[in-house]
Amino acid sequence: MKTNACVSSLAEVSLESAEWKLKFISAYFRRKDANAALLSNFEVFQLLTDLKQQRKESGKNKQSSGQQNLNTIMYETLKYISKTPCRYQSPETVRDFLIAMKGHKLTKAEKLQLLNHRPVTAVEIQLMVEESEERLTEEQIESLLQTVTSILPGDPEEQQRDSEMATEDKGDQA
Amino acid sequence: MFVLVEMTDTVRIPPWQFERKLNESIAEELNKKLANKVVYNVGLCICLYDITKLEDSYIFPGDGASHTKVHFRYVVFHPFLDEILIGQIKSCSQDGVHVSIGFFDDIVIPPESLQQPAKFDEAEQVWVWEYETEEGAHDLYMDIGEEIRFRVVDETFVDTSPTGPSSAEASTSSATEEVQKKEAPYTLVGSISEPGLGLLSWWTNS
């Protein structure tokens with residue numbers, strides 16, 4: 001089962017190539033169309049875990065000579081992606097996130113970075129959103145942070161610690 | 001970080017694999033050919049996403065294998081310009097800080113793109129950010145293994161396909177010169193000269 005969220009029309013760019021004819025959007029020539037083919041870390045994570053599952057199930061009698069490259073890259077990429085916030089995400093959270101982001105008027109690339117990194121501070125938002133001082137006021141940045149942290153799940157241990165600290169503060173104030 | 005690239009290629013399936021399903025053989029061949037390889041001007045190929053179209057298979061005289069033209073989509077690592085990435089410091093040298101993401105190692109942050117002022121500590125071979133506050137200068141070391149957030153500012157593709165046989169003069173040169181300098185086919189240049197970039201520990205407010 002594949003999520004088709006990333007599919008949309010791709011423009012054609014012809015490149016000189018001995019063997020392959022590539023339909024590829026160069027990020028430097030046509031920036032807008034390049035974003036049509038972007039994949040989020042979550043989608044790649046799902047794809048690789050499914051592939052790993054399939055290969056495990058299909059038996060161990062595959063000759064490993066040619067498969068070594070695929071094994072290496074799959075292992076390393078999964079290792080890296082598993083340390084990012086996408087490991088707590090699901091298709092529903094991604095969908096909810098995109099719906100919630102509609103009101104904030106961000107570009108596709110900016111929304112993708114917010115999805116992949118789950119920023120918790122205003123400084124990170126300023127890095128990912130271009131010209132954020134002109135486009136977003138402080139309240140908007142705050143509300144953006146709120147949306148991101150509430151919809152995208154973070155590290156469950158950290159969230160429990162934060163909620164414990166919050167109840168402690170309330171206890172002190174009472 | 002990842003993009004989907006549509007490609008077309010002709011895949012050769014040898015006769016002893018004819019009993020397998022064509023889709024599986026083709027998927028395996030494509031992964032064998034492209035996974036963990038850099039394609040010039042495209043990026044580092046990760047794995048096959050799907051096959052969009054299979055054209056008719058042909059058998060050519062003299063070769064028992066079937067040749068099939070395949071249209072497919074491949075997952076490729078190709079960060080866009082100005083993207084923020086998080087990696088680990090692999091090493092430091094005079095040319096700058098070398099960062100790795102596990103599956104991709106050729107990322108360099110040159111000295112001019114570090115948080116200024118920065119100096120290179122020869123004794124420990126690490127770069128240091130001399131952070132100034134009212135109390136005086138703090139030396140923030142960029143140690144190996146630390147997680148670092150950086151912005152991609154440039155990328156370079158080098159065509160490393162083998163060149164033809166060298167001319168007569170070159171072939172008489174000494175053996176050491178014949179060893180070609182190994183150039184990375186795909187390198188990224190990063191920058192951490194903005195607030196929020198650099199070691200993650202510099203910016204956490206806990």
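How far is the sulfur of A:Cys86 from the closest cysteine sulfur, and in which residue does that sulfur lie? I looked this up in a predicted model, in which local features need pLDDT of at least 70 and side-chain atom pairs count only at pLDDT 80 or more, whereas totals for chains, interfaces and linings use all residues. Residues are numbered from 1 along each chain as its sequence is written, chains are lettered from A and ligands numbered from 1 in the order in which they are written, and side-chain values use heavy atoms, with hydrogens and water left out.

**Cysteines.** I found the closest cysteine sulfur to that of A:Cys86 in B:Cys47, at 14 Å, which is too far for a bond. I noted A:Cys86 as buried at 1% relative accessibility and B:Cys45 as buried at 0%, where buried means under 20% relative accessible area, exposed over 50% and partly exposed in between, with a 1.4 Å probe and protein chains only.

**Strand 1 of chain B.** I next took strand 1 (residues 2–13) of chain B, which is largely enclosed by the rest of the structure because nine of its twelve residues are buried. Strands (E, at least two residues) and helices (H or I, at least four) are DSSP runs numbered from the N terminus, and two strands pair if DSSP finds at least two bridges between them. I see twelve bridges joining this strand to strand 4 (residues 66–77) of chain B in antiparallel fashion, with B:Val3 opposite B:Val76. Strand 1 of chain B also pairs antiparallel with strand 2 (residues 38–39) of chain A over two bridges, and there I find A:Leu38 opposite B:Val3.

**Sheet 8-9-10.** In chain B I traced an open sheet of three strands in the order 8-9-10, paired antiparallel. Its edge strands are strand 8 (118–121) and strand 10 (136–141), each pairing on one side only. Strand 8 of chain B meets strand 9 (residues 126–133) of chain B over four antiparallel bridges, and B:Asp121 stands opposite B:Val126.

**A:Thr93.** I located A:Thr93 in helix 4 (residues 91–101) of chain A and recorded this threonine as buried, with a relative accessible area of 15%. Leaving aside neighbours within four places in sequence, I list A:Ile151, A:Leu152 and A:Pro153 as contacts of A:Thr93, contact meaning heavy atoms within 4.5 Å.

How values were computed
A disulfide is a pair of cysteine sulfur atoms within 2.5 Å.
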